Amino acid sequence: MKVLIINIDKNIFELGSKSLERLKEYANFCEKLSVVVLTRQSFEPIVSGNLSVFATGSCCRARYSFDALSLAKKIMAGEEHDLVMTQDPFDTGHIGWLIKRKYKIPWQCQIHTDFLSPYFWQESFLNKIRVLLAKFLLPSADGIRVVSQRIKKSLLNSPFLIHNSSIVVLPIFVDLEKFKTTSIKTDLKQKYPQ
């Protein structure tokens with residue numbers, strides 16, 4: 001399967017970063033994994049085996065969609081992809097929805113926060129716009145991955161037209177053994193005496 005991911009994690013461009021290592025692991029499960037990262041900074045593309053990562057290098061946030069779609073067009077011209085995945089139902093979700101419509105491929109949206117919580121809505125004007133955008137986009141998603149049962153319940157109890165079968169709960173993996181075996185490098189009691 002050839003997968004296109006729309007992402008916002010610029011740490012991917014730090015060699016040896018956990019973000020980049022995670023993408024390399026994901027690439028092992030794909031025939032081809034292409035990633036477009038929404039950034040305001042230019043980065044050299046990363047190509048490692050069947051993984052390709054590109055930065056939009058946008059001059060401002062308002063250009064993210066245009067620049068990401070331009071990169072997606074180049075990627076899709078070279079090789080059709082089978083799936084587009086996005087990190088949220090907001091900025092990246094809008095881009096994924098547009099790619100789904102243009103290239104007639106399924107779109108899977110990930111949701112890492114309960115954006116239907118009244119606290120999310122009240123936090124800022126931008127969050128109000130995000131919620132309205134998600135309400136418009138999510139019914140078109142072919143699959144939705146959430147990180148908790150609570151977010152799934154929130155979606156199913158919402159006025160969205162989302163079917164239970166399109167929502168998968170997949171929590172973020174935490175390697176507990178790594179925490180147990182890693183040596184402590186900072187004395188927190190000394191750093192934060194209060």
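Reader: Let's start with Ser 34. Which strand is Ser 34 in?
Author: Ser 34 lies in strand E2, which covers residues 32-37. Keep in mind that this is a predicted model.

Reader: Is Ser 34 buried or exposed?
Author: Ser 34 is buried, because its relative accessible area is 1% and buried means under 20%.

Reader: What is Ser 34 in contact with?
Author: Leaving aside neighbours within four places in sequence, Ser 34 is in contact with Val 3, Leu 4, Ile 5, Ser 52, Ile 75 and His 81. With His 81 there is also a polar contact, side chain to side chain, at 2.9 Å.

Reader: And how far is Ser 34 from Val 53 in space?
Author: Their C-alpha atoms are 5.9 Å apart, while in sequence Ser 34 and Val 53 are 19 residues apart.

Reader: Next, the nonpolar core. How many residues are in the largest one?
Author: The largest nonpolar core has 35 residues. Ile 99, Ile 111, Phe 115, Leu 138, Ile 144 and Leu 155 have the most contacts inside it.

Reader: What does Phe 115 touch?
Author: Not counting residues up to four places away in sequence, Phe 115 touches Pro 89, Phe 90, Phe 120, Val 131, Ala 134, Leu 138, Leu 155 and Phe 160. There is also a second, separate core of 17 residues, and Val 3, Cys 30, Leu 33 and Ile 46 are among them.

Reader: How far apart are the C-alpha atoms of Leu 155 and Tyr 26?
Author: They are separated by 27 Å, and the two residues are 129 residues apart along the chain.

Reader: Now the surface. Which residues make a nonpolar patch there?
Author: Phe 125, Leu 126 and Ile 129 make a nonpolar surface patch of about 310 Å². Phe 125 is in helix H5, and Phe 125 is exposed, with a relative accessible area of 63%.

Reader: Which residue has a positive phi although it is not a glycine?
Author: Lys 104 does, with a phi of about 55°. Most residues other than glycine have a negative phi. Lys 104 lies in the loop between H3 and E6 and counts as exposed, at 70% relative accessibility.

Reader: What polar contact joins the side chains of Thr 56 and Ser 58?
Author: One of 3.0 Å. A polar atom of the Thr 56 side chain also lies 3.0 Å from the backbone nitrogen of Thr 39.

Reader: And what else does Thr 56 touch?
Author: Leaving out residues up to four places away in sequence, Thr 56 touches residues including Val 36, Val 37, Leu 38, Tyr 64, Asp 67, Ala 68 and Leu 71.

Methods. Residues numbered from 1 in each chain as written. Predicted model: local features only at pLDDT ≥ 70, side-chain atom pairs only at ≥ 80, totals over all residues. Heavy atoms only, no water. Core = buried A, V, L, I, M, F, W, Y, C linked by side-chain atoms within 4.5 Å. Buried < 20%, exposed > 50% of the residue type's maximum accessible area, 1.4 Å probe, protein only. Contact = heavy atoms within 4.5 Å. Helix = DSSP H or I, 4+ residues; strand = E, 2+ residues; numbered from the N terminus. Polar contact = N/O pair within 3.5 Å; in protein donor to acceptor, adjacent residues only side chain to side chain. Patch = residues over 30% accessible without salt bridge, like charges linked within 9 Å, V, L, I, M, F, W, Y side chains within 5 Å. Areas by Shrake-Rupley, 256 points an atom, 1.4 Å probe, with all protein chains shown as cover. Salt bridge = Lys/Arg side-chain N within 4 Å of Asp/Glu carboxyl O.
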